[in-house]
Amino acid sequence: MRILKWRVNVCHWTTRLGQYLNLNCQMFKLTMLSLCYNAFMSPNIILETAMEPVFWIVDHFARYMGPILMGLVLTFSSAGVIIFYLIMIPRYLVYGWHWFLPHFIFGNLLLINVIFNYTMGYLTDPGHPPQIVPEVVSICKRCIAPKPPRAHHCSVCKRCVLRMDHHCPWLNNCVGFYNHRYFFLYMVYMMCGCLYGCFMFYPLFYENFYVGKEVVFHGALYPLNMAYNYWVSKKKSYTLIAVSNGTSIKLTPPPPPTLNLTWTDHLYHHSVIFVFFLGSGCVLALGLLSLWHARLISHAETSIEVHINKNERKRLAKLGQKFVNPYDYGFKRNWQLFLGLTEGRTFWRHILLPSRHKPSGNGLQWETTTFTVDSNFDGVRIL
Ligand SMILES: [Zn+2]
Ligand SMILES: [Zn+2]
């Protein structure tokens, strides 16, 4: 009876302890949740908060990184162009003028477009909202000023930018309403120029890079080729020679003859390899970036809006509604407006050749699929 009583006491004590711990745990959880509770809390806000240190670094150091990265772009581009000219022009001239002239015109057209669009992208102001904005959608908390549709605050420039896409450290400028076309065309022409350069350089690169090596794995599989050549050289380092008495001996083959190469030969050799690798890297990086921006332009979105619209799409999908981008006028119209091919402008004259024409509109008021901008009326009209 005594044992039974003790057990009951123990059970009673442990139950109370359990209840006490459980209550305290719940209290602690409730306190923590009440401290962090926000009706607008979402995974995106948590992610943004976690990324704050990265944003801080970008905000404080991007302005110093801009001139450095711009210097790198100019240095490597100039080096690539100079090497290409010095090596390829004498080679082209050997084939005669009928071969040289078309390549000279095409290559220089690409080069002029690259230089023009990069310079204009850097020099052109992306556009900032004035003091009085005809159509206000929100107030910028940092500028304490009204914001027109599609404008966003750049934390590097510390200003609001009209139809902001992103702050480009390679251009050391914000990409917005007035210079977005220059930025995009620079990427496309640079990629085309690098592709053309790599294509023309490939036979020369092949001679210099694969010289004296057995080529089994081409192109991007080159590391496998290095391993294969290493394995073959190891295997060839000994030659088995059968001797008449039935035994065999190992002989090391004589070393390959050394070439009397001057420093200019070495420079030429390394320049060819350098330009090809630089060009192919640019083709890959700028190709992917151009495709991404082309997709955004086709859907009339900027790099910022694509994230906003994605969240809005998810939010409305939960409510059983479909999100429609109000600035999406269809593939053809989106490209026409982006490239400024309105008012009789043509692709041949205004895109394939350098042109300083401004984009359509003023960047402050935007026609939507529901509203249209009326220049005679200070505001927008419902369609
Ligand atoms: Zn602002
Ligand atoms: Zn900026």
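This is a predicted model: local features need pLDDT of at least 70, side-chain atom pairs count only at pLDDT 80 or more; totals for chains, interfaces and linings use all residues.

**Stop one: zinc ion, ligand 1**

Select ligand 1 and then bring up Cys-140, Cys-143, His-153 and Cys-160. These are the protein donors of this zinc ion, using SG from the cysteines and ND1 from the histidine, at 2.0 to 2.3 Å. What geometry does the site of ligand 1 have? With angles of 99 to 127° among the four donor atoms, the site is tetrahedral. Trace the donors along the chain and you'll find the spacing C-x2-C-x9-H-x6-C.

Cys-143 sits in the loop between strand E1 (138–140) and strand E2 (145–147), while His-153 belongs to strand E3, so the pair ties together parts that are ten residues apart in sequence.

**Stop two: zinc ion, ligand 2**

Next, select ligand 2. Its zinc ion is coordinated by SG of Cys-154, Cys-157 and Cys-174 and by ND1 of His-167, at 2.1 to 2.3 Å. The four donor atoms make angles of 100 to 116°, and this site is tetrahedral. Along the chain, the donors of ligand 2 are spaced C-x2-C-x9-H-x6-C.

Pick out Cys-154 and His-167 here. Cys-154 lies in strand E3 (residues 152–154) and His-167 in strand E5 (residues 166–168), so this pair ties together parts that are 13 residues apart in sequence. Are they buried or exposed? Cys-154 is buried, with a relative accessible area of 1%, and His-167 is buried too, at 17%.

**Stop three: the second largest pocket**

The pocket has a volume of about 560 Å³. Colour helix H5 (180–209), helix H7 (263–298) and helix H9 (331–339), the elements that each give two or more residues to this lining. H9 supplies the largest share, four residues. By class, the pocket lining is made of twelve nonpolar, nine polar and six charged residues.

**Stop four: the largest cavity**

Now look for the largest cavity, with a volume of about 40 Å³. Its lining includes Asn-113, Phe-116, Arg-181, Tyr-182, His-350 and Pro-354. Helix H4 (97–123) and H5 are the elements that give two or more residues to this lining. Domain 1 and domain 2 each contribute at least three lining residues. Sorted by class, the cavity lining has six nonpolar, four polar and one charged residues.

**Last stop: two loop residues**

Select Ala-300, in the loop between H7 and helix H8 (305–318). Ala-300 isn't a glycine, yet its phi is positive, at about 55°. This residue is buried, with a relative accessible area of 12%.

Then jump to Glu-343, in the loop between H9 and helix H10 (347–350). Glu-343 has a positive phi of about 55° as well, although it is not a glycine. Is Glu-343 buried or exposed? At 69% relative accessibility, Glu-343 counts as exposed.

Definitions and conventions: Residues are numbered from 1 along each chain as its sequence is written. Chains are lettered from A and ligands numbered from 1 in the order in which they are written. Side-chain values use heavy atoms; hydrogens and water are left out. On a 1 Å grid over the protein atoms alone, a cavity is a set of points where a 1.4 Å probe fits but cannot get out, and a pocket is an open set with protein on both sides within 12 Å along at least five of seven lines; lining residues have an atom within 4 Å of a point. Grid points are joined across faces, edges and corners, and a volume is the space filled by probe spheres set on the points. Ala, Val, Leu, Ile, Met, Phe, Trp, Tyr, Cys and Pro count as nonpolar, Asp, Glu, Lys and Arg as charged, and the others, Gly among them, as polar. Donors are N, O and S atoms within 2.8 Å of the metal (3.2 Å for Na, K and Ca); water is not among the atoms, so sites may look incomplete. Four donors count as tetrahedral if all angles lie between 85 and 135 degrees; four count as square planar and six as octahedral if opposite donors are over 155 degrees apart and all others between 65 and 115; anything else is irregular. Buried means under 20% relative accessible area, exposed over 50%, partly exposed in between (1.4 Å probe, protein chains only). Domain bounds come from an automatic or database domain assignment.
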